[in-house]
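This briefing walks through the fold, the strand pairing, the nonpolar core and the charged pairs of the protein shown below. Please keep the structure open while reading, so that each residue can be found as it is named.

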Amino acid sequence: MESEPIRLLRIRKAEALPDYRLRLVLTNGQTVERGVRGLLTGPIFEPVLDESVFRRVRAHDGAVEWPNGADLCADVLIWGGPPPK
């Protein structure tokens, strides 16, 4: 008997909210909100700290990204690290 393939939970849609929060629609249909200000560190994220840039977030390949190429991993956003075993 074949088992169902394991499908990783990923981000289908991302929406910027005030105070550097993201509303994420996951591939299982669940919606979660995450504060990401603490994750926006380093030179790649400096432009993203401008709220007009932050609002341009989008879901891409299951993660989130901004126009300058800055991105955040789905596992960090969904689980706060690697997915649980």
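From the N terminus on, the elements of the protein chain run β-β-β-α-β-β-β-α, which gives 2 helices and 6 strands. The model is a predicted one, and the values below are computed from it. Of the 85 residues in the protein chain, 34% count as buried.

- Among contacts between residues at least 6 apart in sequence, 38% join residues at least 24 apart.

- Strand S1 covers residues 11-17 and strand S2 covers residues 21-26, and the two pair in the antiparallel sense over 6 bridges.
- Within this pairing, alanine 14 has leucine 24 of S2 as its bridge partner.
- S1 and S2 form a hairpin with 3 residues between them, and in its turn aspartate 19 has a positive phi of about 60 degrees.
- S2 is also joined to strand S3, residues 31-35, by 5 bridges, and these two strands run antiparallel.
- Arginine 21 finds its bridge partner in S3 at glycine 35.
- A hairpin with 4 residues between its strands is formed by S2 and S3, and glycine 29 in that turn has a positive phi of about 90 degrees.

**Strands S4, S5 and S6**

- An open sheet of 3 strands has the order S4-S5-S6, and its pairing is antiparallel.
- The edge strands of this sheet are S4 (58-60) and S6 (71-72), each of which pairs on one side only.
- Strand S5, residues 63-65, is joined to S6 by 2 bridges, with the two strands running antiparallel.
- One of the residues involved is valine 64, whose bridge partner in S6 is leucine 72.

**The nonpolar core**

- In soluble globular proteins, nonpolar side chains tend to be buried together.
- In this model the largest nonpolar core has 23 residues, and those with the most contacts inside it are Leu24, Leu40, Phe54, Val64 and Trp66.
- The elements that give two or more residues to this core are strands S1 and S2 together with helix H1 (51-54) and helix H2 (74-79).
- Phenylalanine 54, leaving aside residues up to four places away in sequence, touches Ala16, Leu17, Tyr20, Arg21, Leu22, Val36, Leu40, Val48 and Trp66.

**Salt bridges**

- Side chains of opposite charge can pair when their charged atoms come close.
- The structure holds 4 salt bridges, and one of them links arginine 10 with aspartate 75, with the closest N and O atoms 2.8 Å apart.
- Arginine 10 lies in the segment before S1 and aspartate 75 lies in helix H2, so this pair ties together parts that are 65 residues apart in sequence.
- Arginine 10 is partly exposed, with a relative accessible area of 21%, whereas aspartate 75 is buried at 15%.
- Glutamate 15 forms a salt bridge with arginine 23, where the closest N and O atoms are 3.2 Å apart.
- Both ends of that pair count as partly exposed, glutamate 15 at 34% relative accessibility and arginine 23 at 28%.
- Arginine 58 and glutamate 65 meet through their side chains in a salt bridge of 2.6 Å, N to O.
- Arginine 58 is partly exposed, with a relative accessible area of 42%, while glutamate 65 counts as buried at 18%.
- Salt bridges that share partners join Glu15, Arg23 and Glu33 into one network.

**The surroundings of glutamate 65**

- Glutamate 65 has its place in strand S5, and at 18% relative accessibility it counts as buried because the cut-off for that class is under 20%.
- The side chains of glutamate 65 and arginine 58 are also joined by a polar contact of 2.6 Å.
- Not counting residues up to four places away in sequence, glutamate 65 touches Arg56, Val57, Arg58, His60, Ala70 and Asp71.

Definitions and conventions: Residues numbered from 1 in each chain as written. Predicted model: local features only at pLDDT ≥ 70, side-chain atom pairs only at ≥ 80, totals over all residues. Heavy atoms only, no water. Core = buried A, V, L, I, M, F, W, Y, C linked by side-chain atoms within 4.5 Å. Buried < 20%, exposed > 50% of the residue type's maximum accessible area, 1.4 Å probe, protein only. Contact = heavy atoms within 4.5 Å. Pairing = 2+ DSSP bridges. Polar contact = N/O pair within 3.5 Å; in protein donor to acceptor, adjacent residues only side chain to side chain.
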